[in-house]
Amino acid sequence: MFTMNQFSLQGKIALITGASYGIGFAIASAYAKAGATIVFNDINQELVDKGLAAYREIGISAHGYVCDVTDESAVQAMVERIEQEVGVIDILVNNAGIIKRIPMLEMSAAQFRQVIDIDLNGPFIMAKAVLPAMIKQGHGKIINICSMMSELGRETVSAYAAAKGGLKMLTKNICSEYGKYNIQCNGIGPGYIATPQTAPLRERQADGTRHPFDQFIVSKTPAVRWGESDDLMGPAVFLASDASNFVNGHILYVDGGILAYIGKQPE
Ligand code: NAP
Ligand code: GCO
């Protein structure tokens, strides 16, 4: 029998990676509103402290940990600490990520590997660390933050597109391998969202006009605007809640319609 309680995260413990600010912070805030206990990590103590203060400012007493998602032993140790200090993780959001906008022929292999390491190896390492306890407790939710670039390419983002395309398939594989334990692994594919990561694409030009890419994205988006982190809150709560227990291996694009739209004929 359906009730709205199926959207509640009451009593759940959610770990959101890289969530001192940006999309991760918004998703964590929504989870807190839905009743979850919030745990997050970030790359250094300064960011974790900044995040803790920001959560406190909106009435959330979050648990913050310094951990690089690419460091497998550090991730294992962090998850063990969380299980001792907070409890077993019910919901993992693989949000931490970077992008390098460099033409492929100018990108070094080391730069390519760094993006793959954080955006694809990191989610693999994080999922491996939380899955055993999810299997033991008989339920779990893993949500991977994918991208438009899980489906489309564009100039200068070869490493990021390769990583996010891989993350889409890692999502489907975790679904395939662990669905039998009542674990659902889905992705969220944000469109173009106004966060620090996309700030360079929205910078005002010297003459005060909007960045050409800003104008391009708005013209490519049926919603005729950039997304805000808040646009991701509802979809993220849905995928973390019991309301999505039969949704598995799905990438939910929250993009204002970009992926559905070929674009307007030039005037
Ligand atoms: P953001 O503003 O750059 O925030 C990313 C967060 O992840 C930062 O706190 C960052 O810390 C942290 N991080 C980076 N490397 C890490 C590591 N190795 N271990 C732990 N934390 C790490 O990005 P965002 O715009 O909020 O995006 C969040 C996620 O959504 C990313 O996966 C991104 O690819 C994805 N996404 C973004 C958009 C968009 O339009 N903004 C659209 C689609 C998908 P630092 O500050 O030290 O880097
Ligand atoms: C870019 C942007 C995009 C967004 C996002 C789109 O340079 O094209 O940064 O990659 O971050 O991933 O979904």
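**Figure 1. Packing of helices α4 and α5 in the predicted model.** The axes of helix α4 (residues 109-137) and helix α5 (residues 158-178) come within 8 Å and cross at roughly 15°; axes are lines fitted to C-alpha atoms, for helices over the stretch in contact, with angles from 0 to 180 degrees between N-to-C directions. The two helices are therefore roughly parallel to each other, a term applied to angles under 35 degrees. Their crossing is right-handed, that is, the near helix is turned clockwise from the far one by less than a right angle. Helices are DSSP runs of H or I with at least four residues, and strands are runs of E with at least two, numbered from the N terminus. This is a predicted model, in which local features need pLDDT of at least 70 and side-chain atom pairs count only at pLDDT 80 or more, whereas totals for chains, interfaces and linings use all residues. Residues are numbered from 1 along each chain as its sequence is written, and side-chain values use heavy atoms, with hydrogens and water left out.

**Figure 2. Residues at the contact of α4 with α5.** Among the α4 residues that meet α5 are Phe112, Val115, Leu120, Phe124 and Leu131; α5 contributes residues including Tyr160, Leu167, Leu170 and Ile174. Contact denotes heavy atoms within 4.5 Å. The residues involved comprise 17 nonpolar, two polar and two charged; Ala, Val, Leu, Ile, Met, Phe, Trp, Tyr, Cys and Pro count as nonpolar, Asp, Glu, Lys and Arg as charged, and the others, Gly among them, as polar.

**Figure 3. The largest nonpolar core.** This core has 33 residues, of which Tyr31, Ile38, Tyr55 and Ile143 touch the most other members. A nonpolar core is a set of buried Ala, Val, Leu, Ile, Met, Phe, Trp, Tyr and Cys residues joined through side-chain atoms within 4.5 Å. Elements giving two or more residues include β1 (13-17), α1 (22-33), β2 (37-42) and α2 (45-57), and α1 gives the most, with seven. Beyond its neighbours within four places in sequence, Tyr55 is in contact with residues including Phe25, Ala28, Ile38 and Phe40.

**Figure 4. Two non-glycine residues with positive phi.** Most residues other than glycine have a negative phi. Thr156, in the loop between β5 and α5, has a positive phi of about 75°. Its relative accessibility is 24%, so Thr156 counts as partly exposed. Val224, in the loop between α6 (212-220) and α7, has a positive phi of about 55°. Val224 is exposed, with a relative accessible area of 55%. Buried means under 20% relative accessible area, exposed over 50%, and partly exposed in between (1.4 Å probe, protein chains only).

Terms used:
Chains lettered and ligands numbered in written order. Parallel < 35°, antiparallel > 145°, perpendicular 65-115°, else oblique.
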